[in-house]
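Have a look at the picture first, then read on.

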Amino acid sequence: MGKKHKDAVFYTDGACSGNPGPGGWAYVEVINCDSGIKTNVVTGGKKATTNNEMELTAVYRALVKAYKDKAEQVTIFSDSAYVVNAINKAWLFSWIRNGWKTKEGNEIKNKHIWEKMYKLVYECGLFISLNKVKGHKGDPLNELADRSAVQAKQRYTEGGEV
């Protein structure tokens with residue numbers, strides 16, 4: 001009997017009020033089990049952040065979870081063109097090559113997360129499929145990720161800790 005590889009599937013989202021302002025992120029892990037599909041929602045946030053940082057953090061945290069679980073193939077659905085294009089169009093690889101600068105010579109925003117993302121994407125052996133989905137279009141798992149990110153953001157808006 002051959003070894004079955006482990007797949008990981010996530011829906012991610014980020015939310016922010018003020019941009020910058022309080023923000024939240026969420027990932028929804030999709031778990032296939034004998035009784036059907038189950039989900040595991042994980043959230044977090046910051047008191048002062050941007051929407052792009054929260055979108056990126058959600059994807060990064062999902063990848064960390066997949067890596068810790070020894071997933072061999074990771075599928076992520078995100079409504080963030082910023083994150084999806086950075087991986088799928090190899091912007092991240094170009095930023096590294098250009099000393100963490102855009103082709104226009106500007107510093108990369110969220111470098112502290114992109115540096116860690118680079119290690120997971122290019123050095124740790126994860127096979128990643130990053131898929132752009134349209135936000136707020138009725139996909140139940142994307143909507144769950146969105147609601148969860150907004151709830152996480154709200155906890156920071158109200159001054160609480162996540």
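This is a predicted model: local features need pLDDT of at least 70, side-chain atom pairs count only at pLDDT 80 or more; totals for chains, interfaces and linings use all residues.

Residues are numbered from 1 along each chain as its sequence is written, and side-chain values use heavy atoms, leaving out hydrogens and water.

**The overall build**

There are five helices and five strands in the chain, and from the N terminus on they run β-β-β-α-β-α-α-α-β-α. The radius of gyration is 16 Å, close to the 15 Å that the globule rule gives for 162 residues, so the chain is as compact as a globular protein of that length. (Helices, H or I with at least four residues, and strands, E with at least two, are DSSP runs numbered from the N terminus; the radius is taken over C-alpha atoms, and the rule is 2.2 Å times the number of residues to the power 0.38.) Along its principal axes, the C-alpha trace spans about 50 × 40 × 30 Å.

Of the 162 residues, 44% are buried, where buried means under 20% relative accessible area, exposed over 50%, and partly exposed in between (1.4 Å probe, protein chains only). Among contacts with a separation of 6 or more, 68% join residues 24 or more positions apart; a contact means heavy atoms within 4.5 Å.

Just after helix 2 comes Ala90, with a positive phi of about 65°.

Helix 4 covers residues 111–123. Its buried residues are Ile113, Trp114, Met117, Tyr118, Leu120 and Val121. They pack against helix 1 (51–68), helix 2 (81–88), helix 3 (91–97) and strand 5 (127–132). After helix 4 you'll find Gly125, whose phi is positive, near 80°.

Asp13 sits in strand 1 (residues 7–16) and is buried. Among the residues it touches are Trp25, Met54, Asp79 and Ala149. Glu29, in strand 2 (residues 21–33), is buried too; its contacts include Val9, Phe10, Lys38 and Lys65.

The loop between strand 1 and strand 2 holds Asn19 and Pro20. The peptide bond from Asn19 to Pro20 is cis, with omega near 15°. Asn19 also has a positive phi, near 45°, in a residue other than glycine. Trp100, in the loop between helix 3 and helix 4, has a positive phi of about 65° although it isn't a glycine.

Here's how four of these residues compare for burial:

| Residue | Relative accessible area | Class |
|---|---|---|
| Asp13 | 2% | buried |
| Glu29 | 9% | buried |
| Trp100 | 11% | buried |
| Asn19 | 45% | partly exposed |

Key
The expected span of a helix is 1.5 Å times one less than its number of residues. Lists of a residue's contacts leave out its neighbours within four places in sequence.
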